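I opened my notebook to look up a few things in this structure. These are my entries, in the order I made them.

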Amino acid sequence: MVKRTGVVKLHTTRRVKKNQRVTAGEKIGFFLLAFLLFILAATYFFSSLGPVQTPLSTLEESRQSLLALEGYAFETREWGSGYTITFRGYQSGDKLLGEISEYDISVYEEKGALYLKQEEGKWVEARELGLQKLSCFLQTPAHLLEQVAASENHQNI
């Protein structure tokens, strides 16, 4: 007696015509073509990104942009425990003109010589008043960018 389990196994084969068969050479050719297309796409993508901007090159680019202007206005503020000093100035070529509002002082600098005037007074050289160190505070943005770029400590850029 033969016992039947009810499971029928079907075995089918697909017949492919000779001209529809894919050879190993064609598979390798397709893979190489796909790989080359991937390389071309990756090359195009990475080449279109352009040069990488470093903090130093960005500083130099900003400084050159400021130097290219005929003149520009800026504000410098220093503050500490119990004091604030604000300088609002205008840089044009090698001339600097502005004011320190907290002390009602007008400032003029040309070719390294710093002159100060209070209210309706006359212009007096800062050296005569013992305020020649004030020129360290009256730095233009272009000069500050140059100093930071020349600094050996680039971590804070």
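I started with burial: 18% of the 157 residues in the chain are buried. I kept in mind that this is a predicted model.

Next I looked up the surface. The chain's accessible surface comes to about 13,300 Å². Carbon and sulfur atoms account for 58% of that surface.

Then I checked contacts between residues at least 6 apart in sequence. Of these, 26% join residues at least 24 apart.

I turned to the secondary structure. I noted four helices and six strands. Along the sequence the pattern reads α-α-β-β-β-β-β-β-α-α.

In which order do the six strands lie in the sheet? I found 1-2-3-4-5-6, in an open sheet with antiparallel pairing. Strand 1 and strand 6 (124-125) each have a single partner strand, so one side of each has no neighbour in the sheet.

I looked at one pair in detail. Strand 2 and strand 3 (residues 95-100) run antiparallel and are joined by six bridges.

By class, I noted five nonpolar, six polar and three charged residues in the lining of the largest pocket.

How values were computed
Residues numbered from 1 in each chain as written. Predicted model: local features only at pLDDT ≥ 70, side-chain atom pairs only at ≥ 80, totals over all residues. Heavy atoms only, no water. Nonpolar A, V, L, I, M, F, W, Y, C, P; charged D, E, K, R; others polar. Pairing = 2+ DSSP bridges. Helix = DSSP H or I, 4+ residues; strand = E, 2+ residues; numbered from the N terminus. Buried < 20%, exposed > 50% of the residue type's maximum accessible area, 1.4 Å probe, protein only. Contact = heavy atoms within 4.5 Å. Areas by Shrake-Rupley, 256 points an atom, 1.4 Å probe, with all protein chains shown as cover.
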